[in-house]
Amino acid sequence: MSTTILVIGLMVFFAHFLSLQFKKTNIPDVLVLMLVGIAIGPLLGIVTPADFGKIGSLIATIALVVILFESGTSLNLDVLGKSLATTGMLSVACFVLTTLIVTLLGMYALDLALLPAVLLGVTLGGTSSAVVIPMVNALRLSEKASTVLVLESALTDVLCIVGVFALLQIYQQGGVEPGKLIGSVLASLIFAAVIGLLGGIGWLLVLGKVRDFPNTISSTLAYVFIVYGLTEMLGFSGAIAALTLGISLTNFEKFGLQRIQQLDRKLEPLNEIDLIFYREAGFLLKTYFFVYLGISIHFGEPMLAVVALVMVILVFAMRLLLTRFVFLQASYTLRDAAITSMMAPKGLAAAVLAALPLQYGVAGGEAIRDTTYMVVLISITLTALLVMAYPSRHVRHVYSRILNKPLPEKN
C-alpha cells in the first residue's frame with residue numbers, strides 16, 4: 001500500500017515535468033503517460049485493468065467529463081457560432097470516410113464479415129476528446145480552430161456510441177429503422193445540449209448562495225456530474241451536456257439573461273479561482289486516465305498490428321486531404337490546418353466500445369477488440385510524432401503545399 005501511495009504522488013510531479021517538456025520539445029505528455037501504463041501493464045505485468053475493478057473505468061469517465069466541462073468554460077459563444085458549419089462538415093465527413101476505410105480493411109485484411117467490419121469502422125470513426133482537448137490547449141491554436149477540434153471530438157463520440165449500439169441491435173434483432181437511428185442521434189445531441197444549457201442557467205442562479213457555505217469550490221464539478229448522470233439516464237449524451245454546461249457558465253451574457261432585471265442580481269458567474277481549480281482537476285485526472293489507458297491496451301497477433309498501422313496511415317492521409325477542403329478560409333492559418341489534420345487519435349470511447357462485440361457474441365469480436373487497441377496506441381503515437389515534427393521548416397513546407405496555405409516568413 002505504501003508503494004502505491006508513493007507512486008501516485010510521484011506520478012503527479014512526473015506529469016508536471018512532462019507538461020513542461022511538452023512546451024520545450026513538443027513531446028506530448030499524453031503519449032509518455034500512456035507508454036508508462038503500457039510498461040507497467042501489458043509489458044511487465046505489474047498491474048492489470050482487473051486490479052482497478054470498476055474504479056478504473058469510473059476514473060476514466062470522470063476524467064472525460066471534467067475535461068469536456070473545463071474545455072466548455074474556455075469556449076467563446078461568438079466563435080462557436082462561426083465554427084459550427086466547419087465543425088459539422090469536418091466531423092461528419094471524417095467520421096464517414098474513416099468508417100469506410102476501416103470497414104474495407106476489416107473485410108479484406110482481417111476477413112471479417114460485413115457487420116463486424118462495420119462495427120470496427122464505427123468504433124474507430126471518431127476522435128478522442130481526452131487526447132485532443134489537452135493537446136489543443138497545450139499547442140495554443142487559434143480560438144476558432146480549437147473550437148472546431150473540441151466540438152468534433154465531442155460530436156464524433158456520440159456518433160460512435162449510437163452507431164455501435166445500433167449495429168449491435170441489428171445483430172440481435174435482425175434490423176433497425178433508419179429513421180429511428182437518425183432520430184436517436186439528433187435527440188442525443190439536441191436534448192443533451194438543452195439540458196446542459198438549462199442546467200448551466202440554473203446553476204448560475206444558485207451559485208451565489210452555494211458560496212455562502214464553507215468548502216464549496218468543488219460544488220460546481222459535483223453539479224456537472226449530476227447533470228451528466230441524469231442526461232445519460234434519460235438516454236442522451238452526457239458528454240455533450242457537460243460541454244454545453246461549461247459553455248453556458250462562461251457565456252451567459254450572450255443569452256441576454258442580464259437584461260432581465262429580476263435575474264441580474266441573482267446571477268453569480270464563475271471566478272478565476274473556479275477556473276484554475278477546474279484546470280488543475282482536469283490535469284490530475286488526465287494524468288491517471290492515460291496511464292490507465294496504457295494499462296488497458298491488449299496486444300494481439302502481429303498481423304493485427306500491421307493492419308492497424310495501415311488503417312491509421314490511411315485515415316491520417318484522408319484527414320490531411322479533407323482538411324485542405326474544409327479549412328479553405330484565410331482565417332485558418334497553416335498551423336491551424338496542419339495541427340487539425342494531425343488530430344485523429346482514438347481513445348477511451350473506442351477502447352470501451354471495442355469490447356462490446358465480443359460480449360454480444362459477434363463473430364470476430366476478439367479481432368475487433370485487439371485491432372482497436374492497436375489503433376488507439378498507434379494513432380496517439382502518430383499524432384504525437386507529427387506534432388513533434390511540425391516545427392521543422394521542411395515539414396511545414398510539405399504541409400504548406402498539401403494544404404495550399406502560405407508558409408509564414410517567421411515562425
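In the predicted model, helix α6 (residues 114-123) packs against helix α18 (residues 365-389) with the two axes 10 Å apart and at an angle of about 25 degrees. Since angles under 35 degrees count as roughly parallel, α6 and α18 are therefore roughly parallel to each other. The crossing in which α6 passes α18 is right-handed. On the α6 side the residues that meet the partner helix are P116, L119, L120 and T123, and on the α18 side they are I368, T371 and T372.

The crossing of α4 and α7 is left-handed. Helix α4 contributes L64, I67, L68, E70 and S71 to the contact, while α7 contributes S129, A130, I133, P134 and N137.

The largest nonpolar core comprises 121 residues. Helix α8 (residues 143-173) gives the most to this core, namely 12 residues. The residues with the most contacts inside the core are L120, F289, F290, L293, M311, M343 and Y399. Of these, L120 is also one of the α6 residues that meet α18. For F289, when neighbours within four places in sequence are left aside, the contacts are A60, A63, A130 and L348. A130 is also among the α7 residues that make the contact with α4.

Side chains of opposite charge can pair when their charged atoms come close. In the whole structure, 4 salt bridges are found. One of the salt bridges joins the side chains of K286 and D29, at 2.7 Å from N to O. K286 belongs to helix α13 (residues 272-296) and D29 to helix α2 (residues 29-43), so this pair ties together parts that are 257 residues apart in sequence. Both K286 and D29 are buried.

Another salt bridge is formed by R319 and E152, with 2.8 Å between the closest N and O atoms. R319 is located in helix α14 (residues 302-326) and E152 in helix α8, so the pair links parts separated by 167 residues in sequence. The relative accessibility of R319 is 0%, so R319 counts as buried. E152, at 1% relative accessibility, likewise counts as buried.

At 39% relative accessibility, L314 counts as partly exposed. L314 and V102 are separated by 212 residues in sequence, and their C-alpha atoms are 8.9 Å apart in space. Not counting residues up to four places away in sequence, L314 touches I101 and L105.

Conventions
Residues are numbered from 1 along each chain as its sequence is written. This is a predicted model: local features need pLDDT of at least 70, side-chain atom pairs count only at pLDDT 80 or more; totals for chains, interfaces and linings use all residues. Side-chain values use heavy atoms; hydrogens and water are left out. A nonpolar core is a set of buried Ala, Val, Leu, Ile, Met, Phe, Trp, Tyr and Cys residues joined through side-chain atoms within 4.5 Å. Buried means under 20% relative accessible area, exposed over 50%, partly exposed in between (1.4 Å probe, protein chains only). Helices (H or I, at least four residues) and strands (E, at least two) are DSSP runs, numbered from the N terminus. Contact means heavy atoms within 4.5 Å. Axes are lines fitted to C-alpha atoms, for helices over the stretch in contact, and angles run from 0 to 180 degrees between N-to-C directions. Angles under 35 degrees count as roughly parallel, over 145 as roughly antiparallel, 65 to 115 as roughly perpendicular and the rest as oblique. A crossing is left-handed if the near helix is turned anticlockwise from the far one by less than a right angle, and right-handed if clockwise.
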